[in-house]
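Please look over the model below before reading on.

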Amino acid sequence: MRRLSELKNKRFLATPYFIWSAAFIIIPLCMVFYYGLTDKSNSFTLENIMSIGSIENFKALILSLALSLVSTLICLLLAYPLAMILNNLNVNQSSFMVLIFILPMWMNFLLRTLAWQTLLEKTGVINSLLNLLHLPTLNIINTPYAIILGMVYNFLPFMILPIYNVLIKIDKNVINAARDLGANGFQTFGKIIFPLSLPGVLSGITMVFVPALTTFVISDLLGGSKILLIGNVIEQEFKQSSNWHAGSGLSLVLMIFIIISMLITEKYDDGGIMS
Amino acid sequence: MKIKLQKIYIGLIFILLYAPIVTLVVLSFNKSKTRAKWGGFTLNWYIELFQNDQIMSALSTTLIIALLSATIATLIGTIASIAINGMKRKWRTFYLGITNIPMLNADIVTGISFMLLFIAIGATFGFTTVLFAHITFNIPYVILSVMPKLKQTNRSTFEAALDLGASPVYAFFKVIFPDILPGVMSGFLLSFTMSLDDFIITHFTKGPGFDTLSTKIYTEVKKGIKPEMYALSTLLFLSVLLLLFLVNRSPRKASMSLKEI
């Protein structure tokens, strides 16, 4: 009897979340699909999705893909050695260092990105320093390079954490065994450490790639207003032209890329992205 | 040599991450109003900050939204976790799948989906719409913090309590709840910080005249940002530092909170 009543209780407990997620997760997503696939007179059309083919939108999409791929790669190349160094520190030191590397995330990210403007400007801090040392100046503000810098800067912690979390779980005995069996440093890394850390690498890649692909803030702040990413296009459709149908159509295109990167991660990741 | 190289590497990344923060702190003491040049040291912006009604009201809105949304999300999320934990595998996968959607989806898509929903039901964009959006994207963080703790709890102790005559609710609060409390707390804190820091979703669900700190900063960026903002962000950063320092005083808790992050 008790079993039965407990079961009912549990089901009853799920009701609030069920209603909430239906109303605020499922239905809104369906609405994106609905708006994306209809026109102003509510009849079915593929025009909104096809508008990705227009020169401006297509250019924005390609630029977004290129910049986010490059940033993801740079993040990975920067984060992996760092995660390995952190992993080799003793326990107290490493948890302190990890804290140091995620601490910047507690300062408002718009302001932090804005601060890069001050640093990168033609007469900014970095160029003044370079001038002082009689080195050539760096003119990357309002170019795609500044956007890449902004992406790497903002999303680097998202790459460091998953990789670090996987590395600390690797059994040291496995590594020692490989060394005992005669593998050198490179072989141990290539055959043992890297394959074992792959789930962390993949979830790091999604956690950097998706926000980098879809950002409109970083390009707004560091790219001037001339460089449009696909995120900027969608944002303008919604907030400025109030063209919800076109904006939703472009979002659906964007979601294809998000889903692809999610599927790749899902395949290798055991137990969700946050594990 | 190797150790030295490692230290240099850590140092370089450290500089990359902290250069903007140092810049903001320095700017908050800058007498000249433009970011471009140093006009001498002043504490004026800190005084003017507290007299700036717009920033102060944006700050209080941000805190109220964060506190309310984190509290409600923790409540709904914890109850949902208990329910999901007791479900059959098929249903559990279904619910966790739904829970993953807001976490994995791009913020801009989540943001516009809320905007479309609120337009469809004819809601007035403002406090309520932002609050509902924040609760929604916070719930997954709570569920993902509480679920692992729930899995670790021992079912037999709960059943033992029932056998000894405790009512299910009483047994829950006496036996299970203390075990999952760390997960609930870290879920709450995670939600709170996510809500504080959110810009994109707020941007799409807010109405004219309603601002959180993030959206306020975004509009100011276009018109020229007021130096009071630098002062405020410096103060906020210092309070986080202080908070972490206090938490770190008890080492066990610190390592725990770190793992949750």
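Into which domains is chain A divided? This is a predicted model, in which local features need pLDDT of at least 70, side-chain atom pairs count only at pLDDT 80 or more, and totals for chains, interfaces and linings use all residues. Residues are numbered from 1 along each chain as its sequence is written, and chains are lettered from A and ligands numbered from 1 in the order in which they are written.

1. Domains. Chain A is divided into domain 1 (1-36) and domain 2 (52-268). These bounds come from an automatic or database domain assignment. The C-alpha centres of the two domains of chain A lie 34 Å apart. Four residues of domain 1 of chain A are in contact with six residues of domain 2 of chain A. Contact means that the C-beta atoms of two residues, placed from the backbone, lie within 7 Å. On the domain 1 side, the touching residues are three nonpolar, one polar and no charged. The classes are these: Ala, Val, Leu, Ile, Met, Phe, Trp, Tyr, Cys and Pro are nonpolar, Asp, Glu, Lys and Arg are charged, and the others, Gly among them, are polar.

2. Chain interface. Here 65 residues of chain A are in contact with 61 residues of chain B. Several helices of chain A each supply at least two residues to its side, including H1 (2-36), H3 (55-88), H9 (185-214) and H12 (244-268). Helices (H or I, at least four residues) and strands (E, at least two) are DSSP runs, numbered from the N terminus. H1(A) provides the largest share, 18 residues. By class, the chain A side has 47 nonpolar, 12 polar and six charged residues.

3. Nonpolar core. The largest nonpolar core has 119 residues. Such a core is a set of buried Ala, Val, Leu, Ile, Met, Phe, Trp, Tyr and Cys residues joined through C-beta atoms within 7 Å. A residue is buried if 20 or more other C-beta atoms lie within 10 Å of its own, exposed if 12 or fewer, and partly exposed in between, with C-beta atoms placed from the backbone. A:Ala79, A:Phe155, A:Met159, A:Ile160, A:Ile163 and A:Val208 touch the most other members. Helix H7 (residues 144-167) of chain A gives the most to this core, with 16 residues. Domain 1 and domain 2 of chain A each contribute at least three residues to this core. Beyond four places in sequence, A:Ile160 touches A:Ala79, A:Leu82, A:Ala83 and A:Phe101.

4. Helix H4(A). H4(A) has 12 residues. From first C-alpha to last, H4(A) reaches 17 Å, close to the 16 Å expected at 1.5 Å a residue. The expected span is 1.5 Å times one less than the number of residues. Its buried residues are A:Ser95, A:Val98 and A:Phe101. Seen down the axis of H4(A), they fall within an arc of 120°, so they line one face of the helix. That arc is taken from the directions from the helix axis to the C-beta atoms. A:Asn92 and A:Gln93 are exposed on the other side of H4(A).

5. A buried loop residue. A:Leu229 lies in the loop between H10 and H11 of chain A. A:Leu229 is buried because 28 other C-beta atoms lie within 10 Å. Leaving aside neighbours within four places in sequence, the contacts of A:Leu229 include A:Ala60, A:Leu63 and A:Phe216. A:Ser219 is another of these contacts.

6. Positive phi. Two residues deserve a look. A:Asn42 is not a glycine, yet its phi is positive, near 65°. A:Asn42 sits in the loop between H1 and helix H2 (47-50) of chain A. A:Asn42 counts as exposed, with 10 C-beta neighbours inside 10 Å. A:Ser242, also not a glycine, has a positive phi of about 50°. A:Ser242 is found in the loop between H11 and H12 of chain A, and counts as exposed with 9 C-beta neighbours inside 10 Å.

7. Chain B. Chain B has 12 helices and zero strands. Buried residues make up 39% of its 261 residues. The C-alpha atoms of chain B fill a box of roughly 75 × 60 × 35 Å along the principal axes.
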